[in-house]
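Q: Hi! Could you walk me through this one while I have it open?

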Amino acid sequence: MPLHVSQHPLVAHKLAILRDKTTEPKKFRELVRELTWLLGYEAMADLTTRPVQIETPLEPMTAASMEPRVGLIPILRAGLGMVDAMLELLPTSEVWHIGLYRDERTLKPVEYYNKLPDAATVQVCLVLDPMLATGGSAAATIDILKAWGAARVKQVSLIAAPEGVRTLGDAHPDVDVHVAALDSHLNERGYIVPGLGDAGDRQFGTFAGPGSEPGHGPDDETAEVVRRLQRDLER
Ligand code: PRP
Ligand code: URA
C-alpha cells in the first residue's frame with residue numbers, strides 16, 4: 001500500500017500546533033482545515049484531466065478539466081472537520097457520510113450511519129478521517145466503498161500509527177494513504193503516541209471526563225487487542 005507522508009514544512013509547522021495539548025478547539029478546527037487543504041492538494045496530484053476548449057480574452061486554447069467524479073467520504077464525527085477544505089479544492093465533489101465509532105474496549109468499528117445510494121456515483125473516493133490508529137475504521141469504510149462500486153479509493157488522514165498502516169495495507173493494498181505524520185505506536189488503549197489525543201473531542205470540545213482520556217487505562221481486553229496488532233507488525 002503506498003503511504004505518502006507529507007514532507008512540506010508548512011504541514012510540519014501546523015501539525016506541531018495541532019498536537020499541542022493547549023491548543024483550543026477553535027484553533028484546532030482551523031488547523032485541521034488548513035492541514036486538510038495541504039494534504040488534499042497532494043492527494044489529488046495524480047487525478048486525471050481531460051482537454052477542454054476555452055477562450056481567453058486573447059485567443060481560444062485547449063485547457064484542462066478534472067476528469068473523474070470525486071466523492072468525499074468523511075468518517076463521522078472527526079472526519080467532518082476535513083470536508084470544507086476538500087470542497088474548497090474541488091467544489092464539484094459529492095459528499096457521502098459514513099458514521100462509525102470505535103468500540104472503546106474491542107477497538108472494533110461500529111457502523112451507525114450509511115445512506116449511500118445503491119450504485120456508486122463517483123469514480124474516486126477520498127476517505128477523510130484525521131486519525132488512522134488500528135486502521136479498523138478506515139478498512140471497514142473502504143470495504144463499504146468497494147462493495148458500493150468505487151473504482152479507486154484514497155485515504156487522507158492527519159496522523160497514522162504503524163499498526164494501522166499495516167492493517168489497512170493488508171486489507172486494501174491498492175489504497176493510497178496520505179498523512180501529515182507517521183507516529184511511533186499505539187498505547188494500550190489504542191491511542192496514537194505521541195498523536196494528538198482524541199481528534200473528535202478536540203475539534204468539538206467534548207471531553208467526557210478523565211476516564212475517557214487517551215492516557216487513562218489500561219483495560220485488559222483493549223491492551224490485548226493492541227498487543228496483537230503490534231505482534232502482527234513484527235511478522
Ligand atoms: C476516531 C477517529 C477514527 C477512529 C480511528 O473516531 O476519528 O474514526 O477513531 O481509530 P481506528 O483506526 O482504531 O479505527 P472515534 O471512534 O473516536 O469516533 P468520533 O470521530 O465520533 O470521535
Ligand atoms: N482516535 C483518535 O481520535 N485518536 C487516536 O489517537 C486514536 C483514535
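A: Happy to. Keep in mind that this is a predicted model.

Q: Good to know. How many helices and strands are in the chain?

A: The chain has seven helices and 15 strands. Its radius of gyration is 18 Å, close to the 18 Å that the globule rule gives for 235 residues, so the chain is as compact as a globular protein of that length.

Q: And what box do the C-alpha atoms fill?

A: Roughly 70 × 40 × 35 Å, taken along the principal axes.

Q: What share of the residues counts as buried?

A: 37% of the 235 residues. As for contacts with a separation of 6 or more, 66% of them are between residues 24 or more positions apart.

Q: Let's move to the ligands. Which residues are closest to ligand 1?

A: A78, R102, T134, S137 and G200 are the closest of the 22 residues that surround ligand 1. Two or more shell residues come from each of β6 (98–102), β9, α4 and α6 (199–204).

Q: Which element gives the largest share of that shell?

A: That would be α4, with three residues. By class, the shell around ligand 1 has 11 nonpolar, seven polar and four charged residues.

Q: What surrounds ligand 2?

A: Ligand 2 has A78, M131, A133, Y191, I192, G195, D198, A199 and G200 around it. Six of these shell residues are nonpolar, two are polar and one is charged.

Q: Back to α4, then. What span should that helix have, and how far apart are its ends?

A: Helix α4 covers residues 136–148, and at 1.5 Å a residue its 13 residues should span 18 Å. The end C-alpha atoms are 18 Å apart, which agrees.

Q: Which α4 residues are buried?

A: The buried ones are G136, S137, A138, A139, T141, I142 and L145. After α4 comes G149, with a positive phi near 115°.

Q: Now the sheets. What is the strand order in the open sheet of three strands?

A: The order is β9-β11-β13, with parallel pairing. β9 (131–132) and β13 (181–182) are the edge strands, each pairing on one side only. Between β9 and β11 (residues 159–160) there are two bridges, and L132 has A160 as its bridge partner in β11.

Q: What about β6, which strands does it pair with?

A: Strand β4 (residues 70–76) runs parallel to β6 and is joined to it by two bridges, with I75 partnered by I98. β6 also pairs with β7 (residues 109–114), in the antiparallel sense over five bridges. There, Y101 has V110 as its bridge partner.

Q: How many residues sit between β6 and β7 in their hairpin?

A: Six, and among them L107 takes a positive phi near 65°. L107 is a residue other than glycine, and most residues other than glycine have a negative phi.

Q: Is L107 buried or exposed?

A: L107 counts as buried, because it has 20 C-beta neighbours inside 10 Å, and 20 or more is the cut-off for that class.

Q: How many residues of β3 are buried?

A: Zero of its seven, so strand β3 (residues 60–66) is hardly covered. Its antiparallel partner is β2 (residues 49–55), over seven bridges. A hairpin of four residues joins β2 to β3, and V52 stands opposite A63.

Q: Last one: D176. Which strand holds it, and what does it touch?

A: D176 is in strand β12 (residues 176–179). Not counting residues up to four places away in sequence, D176 touches P2, H4 and K154. D176 is partly exposed, with 17 other C-beta atoms within 10 Å. From D176 to R152 the C-alpha distance is 9.3 Å, and they are 24 residues apart in sequence.

Conventions. Residues numbered from 1 in each chain as written. Chains lettered and ligands numbered in written order. Predicted model: local features only at pLDDT ≥ 70, side-chain atom pairs only at ≥ 80, totals over all residues. Near = placed C-beta within 6 Å. Nonpolar A, V, L, I, M, F, W, Y, C, P; charged D, E, K, R; others polar. Pairing = 2+ DSSP bridges. Rg over C-alpha atoms; globule rule 2.2 N^0.38 Å. Buried ≥ 20, exposed ≤ 12 C-beta atoms within 10 Å, placed from the backbone. Contact = placed C-beta atoms within 7 Å. Expected span 1.5 Å × (residues − 1).
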